[in-house]
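Here are my notes on the model you sent. They are set out as numbered points, to be read with the structure open.

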Amino acid sequence: MEITRRDVALDFDPTTVPKDWAGDTYMTTYLGALSLLFPEGENFFVSSVKHYRAGITSPELQRDVAGFIGQEAMHGREHRQFNDLLVAHGHTEAPIIEARLRWFLNRVVKKVLSPKSQLAVTCALEHFTAMLAEQLLRDDRLRNELHPTVRALWMWHALEEVEHKAVAFDVYRSAGGGYARRVAIMLLTSVVFFTVQSMTHRRLMARRKIQWKPWRWVRGMTRQWIWPGFNLRLIPSYLAYFRPGFHPGDHDAGELLDRSRDQLFTTGGLRLRSGT
Ligand SMILES: [Fe+2]
Ligand SMILES: [Fe+2]
């Protein structure tokens, strides 16, 4: 499957996109926190893959890497624009959160971890994004609550995360990355990712003044962890990563991708800026 960079035309107008663009404040701030982590996170993913690009001998993998870099660059651009919408909605803390994450990735992660371990971090986080993305594409209960403009962003991003879910992993293997490092880094990354995501989410909830009002967020937590348990249902996919023979492509998502492309670009009417 070819990994295509799509120059999508999205526009987030704070006067037409409601403040609770994901149905309620809890879910809006949860997804908003993820969006704030994307641009810097994706920069990190790209730099960790680029480090090994010159040594890749397979022309197919070279082509996939070019597609991966192109897609992640577009995600970063569109989520930056989306994050400006969050600022327009009153989240003036957003640039500080992004600056802190940039500092953490550049001054801590890149200084402490070797290039191969940095690539293993990318593999771990690409596994997370692919799991979340597949769920968003499969489960219309989640995406139906999103405002249409916002839904286009998340569905397009989800589609491409599933399309390129194996690229960083294949680069890791071609660079000689092994099992022990992969799973050790997954455990470390899981702890750091959930800590950073929860801290960011809490900060956004505080801005919206629901942090100390559990009746405002208990429904969201119940939906995530109990019923229908969106996060709970991701646990088997998460655990699959710990199998020694795991590969992201083990689980074929071809049909889901075809249907999602159609929903997004044919019936959904998402336009591209250029003819990509
Ligand atoms: Fe992405
Ligand atoms: Fe990605």
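Which residues does H89 touch, not counting residues up to four places away in sequence? Point 1 takes this up.

1. The model is a predicted one. In it, H89 touches P14, V17, P18, K19 and W21, once residues up to four places away in sequence are set aside. H89 is found in the loop between α2 (59-88) and α3 (94-112). With a relative accessibility of 11%, H89 counts as buried, because the cut-off for buried is under 20% relative accessible area. R5 is another matter: 84 residues separate R5 from H89 along the chain, and their C-alpha atoms are separated by 30 Å.

2. On the overall fold, the protein has 11 helices and 0 strands. Read along the sequence, the pattern is α-α-α-α-α-α-α-α-α-α-α. Among contacts between residues at least 6 apart in sequence, 85% join residues at least 24 apart.

3. On overall dimensions, a compact globule of 276 residues would have a radius of gyration near 19 Å, and the 18 Å of the protein agrees with that. Taken along the principal axes, the C-alpha atoms fill a box of roughly 50 × 40 × 35 Å.

4. On burial and surface, 53% of the 276 residues are buried. The protein exposes about 12900 Å², and carbon and sulfur atoms supply 59% of this area. As for charge, there are 37 positive and 29 negative charges, and their mean positions are 7 Å apart.

5. Helix α4 (residues 115-138) can be checked for length. Its 24 residues, at 1.5 Å a residue, should span 34 Å, and the end C-alpha atoms are 34 Å apart, which agrees. Of these 24 residues, 20 are buried, so α4 is largely enclosed by the rest of the structure.

6. Which residues is I185 in contact with, leaving aside its neighbours within four places in sequence? The contacts are L113, S117, A120 and V121. I185 is found in helix α8 and is buried, with a relative accessible area of 6%. For the pair I185 and A120, the separation is 65 residues in sequence and 6.3 Å in space, C-alpha to C-alpha.

7. A168 lies in helix α7 (residues 167-174). At 0% relative accessibility, A168 counts as buried. Leaving aside neighbours within four places in sequence, A168 is in contact with V49, L119, T122, C123 and E126. A168 and V65 are 103 residues apart in sequence, and their C-alpha atoms are 7.9 Å apart in space.

8. T25 is found in helix α1 (residues 25-50). Is T25 buried or exposed? Its relative accessible area is 4%, so T25 is buried. Not counting residues up to four places away in sequence, T25 touches D20, R208, I210 and R216.

9. The backbone at K209 deserves a look. Phi of K209 is near 60°, a positive value in a residue other than glycine. Most residues other than glycine have a negative phi, and most peptide bonds are trans. K209 is found in the loop between α8 (179-207) and α9. K209 is exposed, with a relative accessible area of 61%, because exposed is taken as over 50%.

10. From W227 to P228 the bond is cis, with omega near -5°. P228 has its place in the loop between α9 (214-225) and α10 (235-240).

11. Where is R223? The place of R223 is in helix α9. R223 counts as buried at 13% relative accessibility.

How values were computed:
Residues numbered from 1 in each chain as written. Chains lettered and ligands numbered in written order. Predicted model: local features only at pLDDT ≥ 70, side-chain atom pairs only at ≥ 80, totals over all residues. Heavy atoms only, no water. Helix = DSSP H or I, 4+ residues; strand = E, 2+ residues; numbered from the N terminus. Rg over C-alpha atoms; globule rule 2.2 N^0.38 Å. Buried < 20%, exposed > 50% of the residue type's maximum accessible area, 1.4 Å probe, protein only. Contact = heavy atoms within 4.5 Å. Areas by Shrake-Rupley, 256 points an atom, 1.4 Å probe, with all protein chains shown as cover. Lys, Arg positive; Asp, Glu negative; His and termini not counted. Charge placed at Lys NZ, Arg CZ, Asp CG, Glu CD. Expected span 1.5 Å × (residues − 1).
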